[in-house]
Amino acid sequence: MTDDGTGLMTIGQLARTTGLPVRTIRYWSDEGALPPHARSAGGYRLYDAASVARLELIRTLRELGLGLDAVRRVLAGETTLARVAAAHVSALDAQIGALRVTRAVLSTVARRGSTAEETTLMNKLARLSTTERRRIIEDFMAEVFAGIDTGDPDIRTRLRFAAADLPDDPTPEQVDAWVELAELIQDPEFRVVMRRMIEFNAADRGADVPTSSSLWFVSRLVQLAGEALRDGVAPDSPRAAEILRALIGDADPAVVLERLTAVANVRLARYRELSAIVNGLEPPFAHEEQFRWVVAALGARTGG
């Protein structure tokens, strides 16, 4: 305190009381956030007890990340603390989202050992706007379904859901998965693989084929092949031939083999896995053993 009996403090005394540097207090005072209570005869700033409380509030708000201009407006009564806090929360959410994207890109770069060109592409894909991401999805859907009207409608619905956009608050894993998924669905070779699978499905469908028949076939395949594996049935045995007849009926085994090989493509399986991550779902069961058994059984009958 000054020794004039007023109970006022110099800026140095205020600094010692609050533990803040003189330079910081002087800057906040110059910016109008902490005006001095009075000035000494020599022109030095003097502060009172209310200044201590005001300074503690300024320090708290600055530690919470509020800009000095926002702090000054709150203290001047030009806005409310609640309003400024709400705006700051929104800004923090945006920053957190951007940091998650940055973390995801850097994690992927570290994991893949990416080149500078690949890193640039990943960063660009990760930071696309919602509209830009949806445009990529729509372009993918348009190309793989172009001119195909007889495919199972459920496949179109499932593919659109699988390539769904990122959620509003994605995890780093979801951002990472989206980057890889976006790269995948823009790859011309992958689009050929996906379209081939859809064409096979469309070729099997007539007017009287019910929706979701492709799902039924896969479920039946998993069931019958699973039972065969459990019972130790060899793919080239007579019993395997009976199981195949129960599964494909009179269909040409060579044609079914070709189509199953397309469906069991490794990149299609990765597409489904990435889609599950982006959508926040558990990874789908690939049923690789069951598909391998059926492919082996078909191969045994076609010389494949």
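This is a predicted model: local features need pLDDT of at least 70, side-chain atom pairs count only at pLDDT 80 or more; totals for chains, interfaces and linings use all residues.

Biologist: How many helices and strands does the protein chain have?

Modeller: Helices (H or I, at least four residues) and strands (E, at least two) are DSSP runs, numbered from the N terminus. The protein chain has 15 helices and three strands.

Biologist: At what angle do the axes of H5 and H6 cross?

Modeller: Axes are lines fitted to C-alpha atoms, for helices over the stretch in contact, and angles run from 0 to 180 degrees between N-to-C directions. Helix H5 (residues 81-112) and helix H6 (residues 116-126) have axes that come within 10 Å and cross at roughly 150 degrees. H5 is therefore roughly antiparallel to H6 (angles under 35 degrees count as roughly parallel, over 145 as roughly antiparallel, 65 to 115 as roughly perpendicular and the rest as oblique).

Biologist: Which residues make the contact?

Modeller: Contact means heavy atoms within 4.5 Å. H5 contributes Val101, Val105, Thr108, Val109 and Arg112, and H6 contributes Thr119, Met122, Asn123 and Ala126.

Biologist: Which residues of H12 are buried, and why do they line one face of the helix?

Modeller: An α-helix has 3.6 residues a turn, so residues three or four places apart point the same way. Buried means under 20% relative accessible area, exposed over 50%, and partly exposed in between (1.4 Å probe, protein chains only). In helix H12 (residues 238-248), the buried residues are Ala240, Ala241, Ile243, Leu244, Leu247 and Ile248. Seen down the axis of H12, they fall within an arc of 160 degrees (taken from the directions from the helix axis to the C-beta atoms), so they line one face. Exposed Pro238 and Arg245 are on the face of H12 turned away from the buried side.

Biologist: Is Asp176 buried or exposed?

Modeller: Asp176, found in helix H9 (residues 172-185), is buried, with a relative accessible area of 16%. Leaving aside neighbours within four places in sequence, Asp176 is in contact with Ala104, Thr108 and Arg111.

Biologist: What does Glu143 touch?

Modeller: Glu143 lies in helix H7 (residues 130-145) and is partly exposed, with a relative accessible area of 40%. Not counting residues up to four places away in sequence, Glu143 touches Arg191 and Arg195.

Conventions: Residues are numbered from 1 along each chain as its sequence is written. Side-chain values use heavy atoms; hydrogens and water are left out.
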